[in-house]
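Trainee: I'd like to learn how to read a structure like this. Could we go through it together, one feature at a time?

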Amino acid sequence: IRDRDINEADGFYSPLGSLTINDEVVATNQTDVTLKLTASDTIGVTGYYVSSQSANPTISNSNWNSVTSTTSFSKQVPETISAVEKSHSFFAWYRYAVGGTSTQASASIIYDVTAPATPSVSINGGASSTSGTSVTLTLSATDSVGVTGYYASESSTKPALSNSGWKSVSSATSYSGSVSFSLSSGTGTKTLYVWFRDVAGNISDSASDNIMIMLT
């Protein structure tokens with residue numbers, strides 16, 4: 001939060017305001033977003049102005065939204081971004097009871113509908129067989145915004161984002177890692193499928209590998 005600014009004309013402090021988009025997530029694959037507006041002022045916040053343009057509005061601009069004067073203002077506002085894969089920004093200002101406006105608050109979100117690319121999985125470094133069900137998976141995938149998780153399964157059915165089997169990883173545009181996995185019991189060839197998700201919730205195509213469990 002910035003330091004308070006004193007309005008030279010009347011000596012009062014101007015509102016302290018903030019703006020966040022979708023609870024501060026980095027990216028989304030939806031065009032509908034939610035802005036959270038908050039502001040405080042010892043005299044009273046009386047209005048807000050939201051725009052996709054950074055130019056400061058005049059106090060007489062007809063696009064100001066009036067609110068009942070309050071020392072602590074909070075509101076969620078629905079907005080729509082264009083279906084263009086890029087960073088989209090919004091700007092907000094707040095008006096206060098004795099006249100004048102806050103400094104600009106801003107936030108951005110990336111519209112991303114491209115799933116992680118080049119998904120890869122290797123079981124036990126590419127070994128053809130193993131004597132046990134505990135194996136090590138070598139995983140990798142890339143994404144322009146960030147790979148944030150993987151899902152490994154012996155089922156070829158693509159998982160939903162809500163599936164509890166997802167494992168989170170630190171967001172990375174080029175992800176690689178080695179993780180432990182337990183295959184199903186029984187001898188024979190086991191095929192494993194892996195998917196990757198990104199910051200916006202897009203899911204990659206599957207990568208797969210197989211290994212034979214042999215009797216010891």
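Trainee: Where does Ser51 sit, and what is it in contact with?

Mentor: Ser51 belongs to strand E3, which covers residues 32–51. Leaving aside neighbours within four places in sequence, Ser51 is in contact with Phe90, Phe91 and Trp93. A polar atom of the Ser51 side chain also lies 2.9 Å from the backbone nitrogen of Gln53.

Trainee: How far can I trust the coordinates?

Mentor: Look at the confidence. The chain averages a pLDDT of 93, and 93% of the residues score at least 70. Where pLDDT is low, the predicted coordinates should not be read in detail.

Trainee: How many helices and strands are there?

Mentor: The chain has 0 helices and 12 strands.

Trainee: What does the radius of gyration tell me about the overall shape?

Mentor: Compare it with a reference. A compact globule of 216 residues would come out near 17 Å, but this chain has 25 Å. Along the principal axes, the C-alpha atoms fill a box of roughly 85 × 30 × 25 Å.

Trainee: Which residues have the most contacts inside the largest nonpolar core?

Mentor: First, the general idea: in soluble globular proteins, nonpolar side chains tend to be buried together. Here the largest core has 20 residues, and those with the most contacts inside it are Leu137, Leu139, Tyr150, Tyr175, Phe181, Val194 and Phe196. Strands E7, E9, E10, E11 and E12 each supply at least two residues, with the largest share, 7 residues, coming from E9. Another core, of 18 residues, lies apart from it and includes Leu37, Val77, Ala105 and Ala107.

Trainee: And aromatic rings? Why is the pair of Tyr48 and Phe73 called stacked?

Mentor: You check the ring centres and the angle between planes. The centres of Tyr48 and Phe73 are 5.7 Å apart and their planes are at 25°, so the pair is stacked; the cut-off for stacking is under 30 degrees. This pair links distant parts of the chain, with Tyr48 in strand E3 and Phe73 in strand E4, 25 residues apart. Both residues are buried. The structure holds 8 aromatic pairs, and ring pairs also link Tyr151, Trp166, Tyr193 and Trp195 into a cluster.

Terms used:
Residues are numbered from 1 along each chain as its sequence is written. This is a predicted model: local features need pLDDT of at least 70, side-chain atom pairs count only at pLDDT 80 or more; totals for chains, interfaces and linings use all residues. Side-chain values use heavy atoms; hydrogens and water are left out. pLDDT is the predictor's confidence in each residue, from 0 to 100. Helices (H or I, at least four residues) and strands (E, at least two) are DSSP runs, numbered from the N terminus. A polar contact is a pair of N or O atoms within 3.5 Å; within protein, one must be able to donate a hydrogen and the other to accept it, and residues adjacent in sequence count only if both atoms are side-chain atoms. Contact means heavy atoms within 4.5 Å. Rings of Phe, Tyr and Trp (its six-membered ring) pair if their centres lie within 6.5 Å; planes under 30 degrees apart count as stacked, over 60 as edge-to-face and the rest as tilted. Buried means under 20% relative accessible area, exposed over 50%, partly exposed in between (1.4 Å probe, protein chains only). A nonpolar core is a set of buried Ala, Val, Leu, Ile, Met, Phe, Trp, Tyr and Cys residues joined through side-chain atoms within 4.5 Å. The radius of gyration is taken over C-alpha atoms; the globule rule is 2.2 Å times the number of residues to the power 0.38.
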